[in-house]
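Biologist: Could you walk me through this one? I'd like to hear how the pieces sit together.

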Amino acid sequence: MIEFTKDPQNTIPSSLVKIIGLGGAGANMLDRVALDGMEGAEMLALNADIRTLSGSVASERIQLGRNLTKGLGTGGDPDLGQKVMMEAEKEVRSAIKGRKIVFLCVGLGGGTGSGGAPILTRIAREEGAFVVVFATMPFGFEGHRRREQAETALNELAVLSNALVVFDNNRMGELVLAKQGIHEAFSAGDRMISDSIKAVIRLVIRPGLIHVGLDELMTALRTTRSRCLFGSGMASGKDRASKALTNALSSPLLDKGALLKEASSVLVHICGGDDLTLYEIELLMQKLMKYVPAKAHVLFGAAIDTNMKDSLSITLISALPEEKLRSSNEDAERIVLAPTEGFEFDVSEEQPEPEPIAQKIDFALTDAIPTVATAPVVTAAPVTEAVEEPDATAAPIAQIDDWLDLPSTVFAGGERPFAEHVQDDPIADFAHATTTPASVADAARDLQEALQASIAHEPDELSEAEPEHKTPDLGDLLEKTRTRLSQQESLFDGDARGKFADTEPNLVDGDDLDIPPFLRKKKK
Amino acid sequence: MARAKIHVGLEIGTSKVCMVVGEVKSDGSVKILGLGTSKAAGVRKGEICDYSKIRECVDDARMKAEEASDVEIGSVFLSVSGAHIQSINNVGTYRLPDNEKQIQPEHIAEANDIAKDINISPEHVYLHNILRNYRVDGFAHSSSPVGLFGKTLENDFHVVTGIGTRIQNSIKCVRELQMDVDDVVFAPIATAQLALNRAERERGALLIDIGGGTTDYALYLNGCIAASGCIPAGGEHITNDIHMLTGLSFSKAEGLKIKEGDASGDQSRSVGTIKIPVDEKGFSQQEVKREVLNEVIRQRLIEILTLVRKRLPPGSEQLIGTGIFLSGGSSLMRGLDTLTHQIFQRAIYRAEAAEISGVQANFKDPQYATTLGLIRYAQLADLEKQNSAPKGLGRFWPFRRS
């Protein structure tokens with residue numbers, strides 16, 4: 001007799017999931033996740049500040065910088081954050097070992113978070129985990145410097161992590177009412193992150209009727225250096241399907257669903273109690289389709305979880321390439337000529353983020369490996385794609401074959417400039433490996449190490465390359481603002497009266513009342 | 001006096017034309033029979049600039065009002081506004097002849113004539129001459145001093161004038177629709193009839209009517225009018241400001257103003273952004289920062305209110321005991337009460353009619369305050385006529401037909 005065991009559908013046991021909170025903000029998020037009740041998953045708190053670390057509810061804690069900072073924080077210095085993380089590397093590595101998925105919660109802008117997160121991500125990737133980073137960006141009022149630190153870290157994380165979900169604290173005002181206390185605003189932000197983590201875990205761990213797993217998650221987040229779009233909503237009772245969808249779309253990351261219009265693939269996961277009906281799912285998907293472009297790849301999953309009782313949850317995950325965000329920003333700039341301080345196209349919230357990282361990294365690598373510069377694909381693609389699952393030896397062969405097509409022009413060209421320059425052996429192996437699939441996996445790992453070695457240097461080079469790269473931008477910007485100003489001024493003189501343009505001046509006490517007061521005051 | 005009388009008030013505003021039919025009952029109470037409004041086109045800052053358009057609007061409003069009230073409208077009280085309307089207080093002093101000690105009606109008439117005789121530019125005509133009070137030898141009397149003994153008689157008048165041709169054109173516009181104009185009333189004076197009761201006027205009250213294209217004000221001190229005027233800026237300017245700043249279309253800017261605007265200056269109400277949803281006509285989604293929107297609105301309203309404040313006679317501000325009454329469509333702006341209080345440091349009220357019966361929903365809305373006030377004005381003018389003291393409120397405007 002053939003024994004039939006119900007296949008757990010390649011779900012990942014929750015013991016293989018680790019949630020890490022790094023730094024002060026990370027610890028807060030972790031606490032929120034713990035308080036919301038995340039059964040099974042392991043929690044790890046990492047911090048240099050012993051006081052906040054001891055206050056954490058996480059089951060596992062690692063103190064960073066035992067010798068360097070001696071229990072104090074990093075004082076907002078990312079370099080120090082980097083060093084303390086390096087110091088604790090062994091401990092961290094052993095804590096992450098063997099985990100399939102690592103969720104990293106971090107607040108960027110400070111020292112421990114901004115400095116440590118990229119290194120932690122790299123360590124986790126090296127240990128073979130799928131890394132999802134949940135990062136918060138600092139408030140606008142925290143100053144330019146912190147923002148810059150956060151952005152540098154974010155750019156690195158975008159390259160290193162498998163998936164990056166960014167919450168901008170500046171948008172937190174939309175989560176709570178203005179009059180609510182600051183603690184509520186922060187806890188709303190933490191709650192949102194906690195919901196996101198739970199949703200992703202639910203998605204990956206639970207067996208589904210229509211299963212979506214890591215592979216679909218990766219497809220949805222496939223595009224390199226993308227902005228993760230995420231929304232999750234829950235509702236119960238009558239009309240729960242549409243309510244849950246509305247809740248999911250009201251996520252600040254989705255901008256009421258407007259950002260989904262650009263998405264090329266969207267992962268939808270619906271989870272409900274025993275009474276989840278097909279009709280509900282149909283209804284919900286119909287509504288969702290209004291927000292998603294017709295040609296988009298919709299990855300649909302549904303699961304039954306008896307714990308949900310009569311409520312229904314929906315999770316939307318998608319990724320938007322940053323070029324798209326950026327290009328629409330440029331469009332916005334081109335269209336709007338009038339003085340527009342308060343007017344933004346909806347994407348501009350992402351404005352600080354879409355730095356041209358691709359170019360920057362190319363620059364950095366060009367410094368290190370000048371000959372590779374001709375084929376930027378090599379630097380951009382393998383780092384994120386090939387590294388994705390180094391242990392899963394079965395899958396990569398196909399993948400590696402895919403991307404081997406690209407570099408072959410460089411590597412197979414006989415001269416092997418790349419190999420010569422970096423490290424001879426692995427690349428030589430790698431070049432041979434094109435014919436012998438058995439060693440492809442090893443070669444891939446070697447290449448990954450080689451590349452990561454170069455990325456490890458990157459921060460220094462980045463900081464060197466950055467000023468050069470940025471100066472023309474700044475000049476442009478200044479130029480732009482200047483031209484804009486002169487446009488404004490000409491506006492004052494002429495038709496700054498809108499609909500009253502063709503009427504006689506409406507003079508009262510020497511002021512033309514038809515001109516908006518804010519323009520007149522500026523002029524004075 | 002025993003029978004009920006029907007009066008009709010017509011306001012041709014910048015944003016809407018509004019006609020109200022009211023019945024003044026024999027006991028003096030007022031009942032609103034019907035109300036017709038139509039969106040105005042062809043009016044700028046309270047003055048008509050396109051006659052054929054506005055005729056259609058008035059006709060439309062009339063049909064609606066007639067339908068609602070079941071009354072055929074033959075004549076109206078017309079309210080006017082506009083920057084050209086000015087007001088001054090003038091005192092006519094008459095010294096009684098040496099051989100007469102007792103004040104006679106003809107002495108008062110003489111003083112009135114002197115008071116009227118102010119230096120107005122030739123194109124201006126009188127709209128109102130409102131008697132504020134009499135003074136006999138420097139001693140104020142609010143009722144007629146006929147029969148009193150005195151040496152000098154002073155009649156204090158509030159004179160409202162406007163450019164004759166513009167007022168004539170408004171009247172012509174109404175007459176072309178086969179309606180007669182009973183009287184022309186300066187808008188804030190009509191509104192005040194409704195909004196301010198005797199006690200409030202006695203203690204001192206300022207009425208500010210922020211309409212679509214104009215802001216009208218009337219100040220009452222010691223029970224009589226002390227100042228009135230018009231500032232040619234209103235709600236439409238706010239919309240225009242928003243339009244210019246954000247590049248939004250007028251209709252969207254208007255919607256944004258009504259739905260989201262706040263003038264209080266409360267920082268906590270200026271947090272976040274407002275999303276303007278995509279519509280069928282191809283607008284992409286846009287967002288406006290609350291902070292900016294509210295600041296634009298606030299700047300404009302601060303300016304309007306400061307202009308009103310500057311126009312008040314010096315020192316009169318301290319005499320406003322009751323407070324400030326806000327009316328007009330723009331007074332519905334959130335936070336305007338806070339802002340007005342910041343500027344004037346006086347109690348703020350919403351102008352509301354207390355003693356009118358009829359369709360309640362209509363006259364709670366400050367948009368209709370002026371038109372409803374016209375009915376009250378008509379009622380008072382009627383009373384005046386019945387008392388028919390020629391020495392009383394002399395209304396000597398040149399447009400009356402008969």
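Biologist: What percentage of the residues of chain A count as buried?

Modeller: This is a predicted model, where local features need pLDDT of at least 70, side-chain atom pairs count only at pLDDT 80 or more, and totals for chains, interfaces and linings use all residues. Residues are numbered from 1 along each chain as its sequence is written, and chains are lettered from A and ligands numbered from 1 in the order in which they are written. I call a residue buried if 20 or more other C-beta atoms lie within 10 Å of its own, exposed if 12 or fewer, and partly exposed in between, with C-beta atoms placed from the backbone. For the 524 residues of chain A, the buried share is 42%.

Biologist: In what order do the six strands of the open sheet in chain A run?

Modeller: Strands are DSSP runs of E, at least two residues, and helices are runs of H or I, at least four, numbered from the N terminus. Two strands pair if DSSP finds at least two bridges between them. In this sheet of chain A the pairing is parallel, and the order is β3-β2-β1-β4-β5-β6.

Biologist: Which strands of chain A stand at the edges?

Modeller: Each edge strand has a single partner, so one side of it is left without a neighbour in the sheet. In chain A those are β3 (60-63) and β6 (163-168).

Biologist: How many bridges join β4 to β5 in chain A?

Modeller: Strand β4 covers residues 101-107 and β5 covers 130-137, and the two run parallel. V106(A) stands opposite A135(A) in β5(A). The number of bridges joining β4 and β5 of chain A is seven.

Biologist: At what angle do helices α1 and α5 of chain A pack?

Modeller: Axes are lines fitted to C-alpha atoms, for helices over the stretch in contact, and angles run from 0 to 180 degrees between N-to-C directions. Helix α1 (residues 23-35) and helix α5 (residues 111-126) of chain A have their axes 6 Å apart, and the angle is about 85°. That makes α1(A) roughly perpendicular to α5(A), a label for 65 to 115 degrees, with under 35 roughly parallel, over 145 roughly antiparallel and the rest oblique.

Biologist: Which residues of helix α10 in chain A are buried?

Modeller: On the other side of α10(A), L278(A), Y279(A), E282(A) and Q286(A) are exposed. The buried ones fall within an arc of 70° seen down the axis of α10(A), so they line one face of the helix; the arc is that of the directions from the helix axis to the C-beta atoms. In α10 (residues 278-288) of chain A, they are I281(A), L284(A) and L288(A).
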